[in-house]
Amino acid sequence: MTEMKPVTEATAVKAPVLPDAQTVLEVKHWTDRLFSFKVTRPQSLRFRSGEFVMIGLLGDNGKPILRAYSIASPSWDDVLELYSIKVQDGPLILKMQHIKPGDQIILRPKPVGTLVHDALLPGKRIWFFATGTGFAPFASLLREPQTYEDYDEVIITHTCREVAELEYGRQLIENIRKDEMLEELIGEGFADKIRYYPTTTREQSPKMGRITDLLKDGTVFKDLGIEGGIKPETDRAMVCGSLAFNHDIKAILEDFGLREGANSEPKEFVVEKAFVG
Ligand code: A2P
């Protein structure tokens, strides 16, 4: 009679070992178009809040299919959080939306991106302009201590088609405001600096309209009690949305006299395309 080997954790796990594999810890579906998920963070991964990484799955041919995802968690967090769209053509996105806790995904630990504090000159007030899943890098930056060290006021605008698409951001900001651990880390009363300005374009909500139109006609400034609009001496901005949105906001910021900066040449604003994303 052959002796039975005890089933240890090592012998029980049958999942294939992927290169740069990380484990899915949590998945939350927000709407039929949007979901967020948390994965283990590789020890080797260092990133700056606001950056993105390549994430994906193995394709049918056994080769990794990777796309850029903005990291929604702050740089100090133990786990990585991602916020993404589901419905789009392409095999990866279709499969990614079906991931569940315990699954493995591939994560290339090489973060990049322009929405980082180093790309901006010192200022007093920072604007985060997001549409749709372009909120993700700001979910990271809103939990980043440097945001509050560098600025007296942090204005986050988020424009979505429908009210339900604002929910991830709304809850995140609500949780930031009551998170005692975060207050201990960042400083007492830090969340009082946040001003949240959500708008919708295709469903009734308290504030309707594209943020671009609301900036151009001065509604935003009136609502927030800001005299004289955006000023290059004091205001800084980070932008994350669709290509068309980025293009339009960039033109508005330039009309206010702000210049686009980069890591290598910090100026008054920076722009990133919302990835997958
Ligand atoms: P709209 O409904 O008027 O197109 P999407 O879901 O297509 O990524 O869009 C997210 C949000 O961004 C929508 O509310 C959309 O408004 C808005 N949006 C899209 N393009 C622009 C743009 N060029 N300027 C301002 N807002 C935009």
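View A. M181 sits in helix α6, residues 180–186; helices here are DSSP runs of H or I with at least four residues, strands are runs of E with at least two, and both are numbered from the N terminus. This is a predicted model, where local features need pLDDT of at least 70, side-chain atom pairs count only at pLDDT 80 or more, and totals for chains, interfaces and linings use all residues. Residues are numbered from 1 along each chain as its sequence is written, and side-chain values use heavy atoms, with hydrogens and water left out. With a relative accessible area of 47%, M181 is partly exposed; that label covers what falls between buried (under 20%) and exposed (over 50%), using a 1.4 Å probe and protein chains only.

**View B. The open sheet of five strands.** Its order is β9-β8-β7-β10-β11, with parallel pairing; two strands pair if DSSP finds at least two bridges between them. At the edges are β9 (194–200) and β11 (269–273), each pairing on one side only. From one strand to the next, the twist averages 10 degrees. Helix α5 (residues 167–177) packs on this sheet, touching β8 and β9, and its direction makes about 165 degrees with that of β9. Touching here is contact, meaning heavy atoms within 4.5 Å. The axes are lines fitted to C-alpha atoms, for helices over the stretch in contact, and angles run from 0 to 180 degrees between N-to-C directions. Helix α9 (residues 243–255) packs on the sheet too, touching β7, β10 and β11, at about 165 degrees to β10.

View C. Eight of the eight residues of β8 are buried. E153, I155, T157 and T159 point one way, while V154, I156, H158 and C160 point the other. In a regular strand the side chains alternate between the two faces of the sheet. Seven parallel bridges tie β7 to β8, with A130 partnering H158. Another parallel pairing, β8 with β9, has seven bridges, and there T157 partners Y197.

**View D. Where β10 meets β11.** These strands run parallel and share five bridges.

**View E. The open sheet of six strands.** The order is β4-β3-β6-β1-β2-β5, and the pairing is antiparallel. β4 (64–70) and β5 (79–85) are the edge strands. On average, neighbouring strands are turned by 40 degrees against each other, direction ignored.

View F. β3 (residues 52–58) and β6 run antiparallel and are joined by four bridges. M54 stands opposite R108, and G56 has I106 as its bridge partner. With β1 (residues 21–29), β6 (residues 104–112) makes three antiparallel bridges, and Q22 stands opposite I105.
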